[in-house]
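Subject: Structure handover

Hello,

Here is the structure for you to look over. My notes on it follow below.

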Amino acid sequence: MGTNIGKFTKSGKFHLTIQALNLLAANAKHKVWLKPTSEMSFLYGNDVVKGGLGRITDNINAYDGVVVFSMSDLPLGFGIAAKSTQDCRKMDPNGLVVIRQADTGEYLRNQDDL
C-alpha cells in the first residue's frame, strides 16, 4: 500500500532506505554531481571525496542532507554533507565531501535484506 521509504530501528529511530531515492531526488534542494570516474566507487559503498566531485549546489552547510547524482542527472544515492560548499572549494582533492547513507548499489549488496 505505497512505497516503503525506510524502517524503524530497535531504538525507535527512523532510517531512510534507498527506496526513498526517487522522492528525495524530485524534491532535493542540496545536490551533488559526481564525475564518471567516481560513480562506481560511490556505488560500491564508498564516500565521496573532492576529487570525484563534478558540481555542487550553493549554500550547502555541513551536515545537510544531499542527493548524489551522476553528471547525466541520474540519481545514485543520498548522504550527508561533510563540509559546506565554501569549505569544499578550499580543500584538497582527497578531502571527504559527502558521507554516504544509501546508494543504488545496495540492491545488489543487500539483496536479501531489502
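The structure holds two aromatic pairs. Rings of Phe, Tyr and Trp (its six-membered ring) pair if their centres lie within 6.5 Å; planes under 30 degrees apart count as stacked, over 60 as edge-to-face and the rest as tilted. One of the pairs is Trp33 with Phe69. Their centres are 6.0 Å apart and their planes stand at 25°, so this pair is stacked. Trp33 sits in strand 3 (residues 31-34) and Phe69 in strand 6 (residues 65-70). Helices (H or I, at least four residues) and strands (E, at least two) are DSSP runs, numbered from the N terminus.

A word on the basis. This is a predicted model: local features need pLDDT of at least 70, side-chain atom pairs count only at pLDDT 80 or more, and totals for chains, interfaces and linings use all residues. Residues are numbered from 1 along each chain as its sequence is written, and side-chain values use heavy atoms, with hydrogens and water left out.

Trp33 is buried at a relative accessible area of 11%, and Phe69 is buried at 6%. Buried means under 20% relative accessible area, exposed over 50%, and partly exposed in between (1.4 Å probe, protein chains only).

Trp33 has a charged neighbour as well. Arg55 lies over its face, at 4.2 Å from the ring centre. The rule asks for NZ of Lys or CZ of Arg within 6 Å of the ring centre and within 35 degrees of the ring normal.

Arg55 also forms a salt bridge with Asp73, the closest N and O atoms being 4.0 Å apart. A salt bridge is a side-chain nitrogen of Lys or Arg within 4 Å of a carboxyl oxygen of Asp or Glu. Arg55 belongs to strand 5 (residues 53-56), while Asp73 is in the loop between strand 6 and strand 7, 18 residues apart. Asp73 is partly exposed at 48%, and Arg55 is partly exposed at 41%.

By that rule the count comes to three salt bridges. Another joins the side chains of Asp58 and Arg89 (2.9 Å, N to O). Asp58 lies in the loop between strand 5 and strand 6 and Arg89 in helix 3 (residues 85-90), so parts 31 residues apart in sequence are tied together. Asp58 counts as partly exposed, at 48% relative accessibility. Asp103 and Arg100 also meet in a salt bridge (3.0 Å, N to O). Asp103 is buried, at 0% relative accessibility.

Now the strands. Strand 6 and strand 7 (residues 75-81) form a hairpin with four residues between them. Asp73 is in that turn and has a positive phi of about 60°. The two strands pair in the antiparallel sense over five bridges; pairing needs at least two DSSP bridges. Strand 7 is mostly covered, with five of its seven residues buried. Gly79 in strand 7 stands opposite Val66 and opposite Arg100 in strand 8.

Last, the record. An unreviewed UniProt entry carries the annotation "domain: PUA" over residues 30-105. UniProt positions are given in the numbering used here, feature names are shortened, and annotations may be inferred rather than shown by experiment. Over residues 30-105 the chain is 18% helix and 41% strand, with the end C-alpha atoms 21 Å apart.

Best wishes
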